[in-house]
Amino acid sequence: MSTMSKAEWRAQIRAQRQSVAPAAGPKLARVGLDWLASLDMLAPAAAGMTACAYVSMGHEPPTAPLLEAWTAAGHTVYVPVCEPEYRLSWTLWHPGIQMAKSPLAPVMEPVGPRLSFAALGSVEAILIPALAVDTAGVRLGQGGGYYDRFLATIPALPVAAVVYAHELVAPGLLPHDFLDARVTHALTPAGYQRCGPPLGNGNAQEP
Ligand SMILES: Nc1nc2c(c(=O)[nH]1)N(C=O)[C@@H](CNc1ccc(C(=O)N[C@@H](CCC(=O)O)C(=O)O)cc1)CN2
Ligand SMILES: Nc1ncnc2c1ncn2[C@@H]1O[C@H](COP(=O)(O)OP(=O)(O)OP(=O)(O)O)[C@@H](O)[C@H]1O
């Protein structure tokens with residue numbers, strides 16, 4: 001276990017992100033396409049898949065090219081909307097959709113109908129933001145707990161945390177507690193990899 005607190009990790013990574021060159025978008029898009037294809041049970045896909053992702057902000061690894069690549073490949077993409085009490089709802093994303101600033105967090109959200117996760121139908125993959133993730137699937141987020149609450153309510157699905165390559169760290173380094181939901185994969189501009197225990201047990205908590 002780390003000697004740094006979550007707050008100290010967040011401060012360090014946010015400071016480092018100030019000087020990361022923002023050219024990773026196209027690489028991340030390629031990795032995102034490959035990851036989704038690797039999950040496709042019906043490959044080559046006759047129809048598009050349904051996936052959840054998010055609109056990056058500030059110095060996060062840029063997801064706009066990835067969102068565009070997924071929709072261009074025929075996939076249906078939903079992104080999160082911040083709701084009171086750190087809950088998330090979902091709304092359809094497509095290129096050019098009108099966006100508005102969330103009243104609850106420093107993120108942009110599409111205007112349009114808000115849907116519960118259950119209303120999205122069968123979602124095959126979920127991409128979530130992170131400041132860091134370890135190879136056992138422990139994720140450090142921005143600190144609202146939006147995604148921990150959300151992941152606690154859904155069935156076992158492929159969930160990938162998106163980070164820069166140097167933010168994918170060895171197991172045991174990141175501080176975590178029993179509420180922190182595990183991710184099944186890490187996605188960086190350099191590639192994707194499986195994290196932690198086998199699928200179907202992706203959010204299992206430690207004894
Ligand atoms: N792009 C994105 N959307 C997201 C999240 C996220 O982390 N990233 N969230 C995840 O829960 C939720 C929004 N919650 C958030 C809570 C706090 C901060 C925050 O404190 N941001 C820093 C800036 C970080 C940066 O520029 O890298 C800040 O404002 O100081 C951001 C989002 C849902 N949507
Ligand atoms: N399933 C849950 N139910 C209730 N509270 C929770 C749950 N998961 C996390 N929390 C609370 O949310 C707060 C933030 O948690 P944490 O620091 O792990 O956020 P994070 O995962 O970094 O943020 P985010 O998911 O928004 O990116 C903490 O007070 C934590 O106890």
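In this predicted model, an oxygen atom of ligand 2 has a polar side-chain atom of Arg149 at 3.2 Å, a polar contact in the sense of a pair of N or O atoms within 3.5 Å. The protein covers 73% of the 650 Å² of accessible area that ligand 2 has on its own, as given by the Shrake-Rupley method with a 1.4 Å probe. Two or more residues of the shell around ligand 2 come from each of helix 1 (6-17) and helix 4 (146-151); helices are DSSP runs of H or I with at least four residues, strands are E runs of at least two, and both are numbered from the N terminus. Helix 4 gives the largest share of this shell, four residues.

Around ligand 2 there are 14 residues, of which Arg10, Arg139, Tyr147, Asp148 and Asp180 come nearest; a residue counts as near if one of its heavy atoms lies within 4 Å. The shell of ligand 2 comprises three nonpolar, five polar and six charged residues. Here Ala, Val, Leu, Ile, Met, Phe, Trp, Tyr, Cys and Pro count as nonpolar, Asp, Glu, Lys and Arg as charged, and the others, Gly among them, as polar.

Ligand 1 is surrounded by 16 residues, with Val55, Met57, Glu60, Pro129 and Gln142 the closest. By class, ten residues of its shell are nonpolar, four polar and two charged. Further polar contacts of both ligands are tabulated below.

| Protein atom | Ligand atom | Distance |
|---|---|---|
| Arg139, side-chain N or O | Ligand 2, oxygen | 2.7 Å |
| Asp148, polar side-chain atom | Ligand 2, oxygen | 2.8 Å |
| Arg14, polar side-chain atom | Ligand 1, oxygen | 3.5 Å |
| Val55, backbone N or O | Ligand 1, nitrogen | 2.7 Å |
| Glu60, polar side-chain atom | Ligand 1, nitrogen | 2.8 Å |

For ligand 1, the protein covers 80% of the 680 Å² of accessible area that the ligand has on its own.

An open sheet of three strands, with mixed pairing, has the order 8-7-10. Its edge strands, strand 8 (139-140) and strand 10 (168-169), each pair on one side only. Strand 7 (residues 132-134) pairs with strand 8 in the antiparallel sense over two bridges, where pairing requires that DSSP find at least two bridges between the strands. Ala132 has Leu140 in strand 8 as its bridge partner.

Residues are numbered from 1 along each chain as its sequence is written, and chains are lettered from A and ligands numbered from 1 in the order in which they are written. Local features need pLDDT of at least 70 and side-chain atom pairs count only at pLDDT 80 or more, while totals for chains, interfaces and linings use all residues; side-chain values use heavy atoms, with hydrogens and water left out.

Notes. Polar contact = N/O pair within 3.5 Å; in protein donor to acceptor, adjacent residues only side chain to side chain.
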